[in-house]
Amino acid sequence: QVQLVEAGGGLVQPGGSLRLSCAASGSIFSVNTMGWYRQAPGKQRELVARFTNVCSTNYADAVKGRFTISSDNSKNTVFLQMNSLKPEDTAVYYCAKYANSAFLTPTYWGRGTQVTVSS
């Protein structure tokens, strides 16, 4: 059983920062199979950031320059550092794991953590 547990969401004012974490268990950790998605009310779930390989990352245009994905492989944990947050970043953020690094659609999902950016 693969388990992904997110933490770190909450309420923050515009311009603030949050750091999300995702602890993975139940399988051998491979950083290039991990990523972050988000889903806002009335919108489709969208990719935020993912590792494309051990040395490369991919970010949605809307978050480039503001968000950073990273990992602590010894703890089987991935992070999403979110800076300069905007109201449009409000969404449920999901940790995701791909069955294969080449997959475009995740196979496993965390339950999500709410991020609300509001004054």
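Trainee: Over which ring does the charged end of Arg19 sit?

Mentor: Bear in mind that this is a predicted model: local features need pLDDT of at least 70, side-chain atom pairs count only at pLDDT 80 or more, and totals for chains, interfaces and linings use all residues. Residues are numbered from 1 along each chain as its sequence is written, and side-chain values use heavy atoms, with hydrogens and water left out. A charge sits over a ring if NZ of Lys or CZ of Arg is within 6 Å of the ring centre and within 35 degrees of the ring normal. At 3.8 Å from the ring centre, the charged end of Arg19 sits over the ring of Phe79.

Trainee: And how far is the charged end of Arg50 from the centre of the ring below it?

Mentor: The ring here belongs to Tyr98. The charged end of Arg50 sits over that ring, and its distance from the centre is 3.8 Å.

Trainee: Why is the pair of Tyr37 and Trp109 called edge-to-face?

Mentor: Rings of Phe, Tyr and Trp (its six-membered ring) pair if their centres lie within 6.5 Å; planes under 30 degrees apart count as stacked, over 60 as edge-to-face and the rest as tilted. The structure holds 2 such aromatic pairs. In this one the centres are 5.0 Å apart, and the pair is edge-to-face because the planes stand at 75°.

Trainee: How many residues apart in sequence are the parts that this pair of Tyr37 and Trp109 ties together?

Mentor: Strands are DSSP runs of E, at least two residues long, numbered from the N terminus. Tyr37 belongs to S4 (residues 34-39) and Trp109 to S10 (residues 108-109), so the separation the pair bridges is 72 residues.

Trainee: Which residue forms an edge-to-face pair with Trp109 at 6.2 Å centre to centre?

Mentor: The planes in this pair are at 85°. The partner lies in strand S9 (residues 91-97), 15 residues away from Trp109 in strand S10. That partner is Tyr94.

Trainee: Is Trp109 buried, partly exposed or exposed?

Mentor: Buried means under 20% relative accessible area, exposed over 50%, partly exposed in between (1.4 Å probe, protein chains only). Ring pairs link Trp109 with Tyr37 and Tyr94 into a cluster. Tyr37 is buried at 8% and Tyr94 is buried at 13%. Trp109 has 33% relative accessibility, so the label is partly exposed.

Trainee: Which strands stand at the edges, each with a single partner strand?

Mentor: Two strands pair if DSSP finds at least two bridges between them. The open sheet has 4 strands in the order S1-S3-S8-S7, with antiparallel pairing. One side of each edge strand has no neighbour in the sheet, because each has a single partner: these are S1 (3-7) and S7 (67-72).
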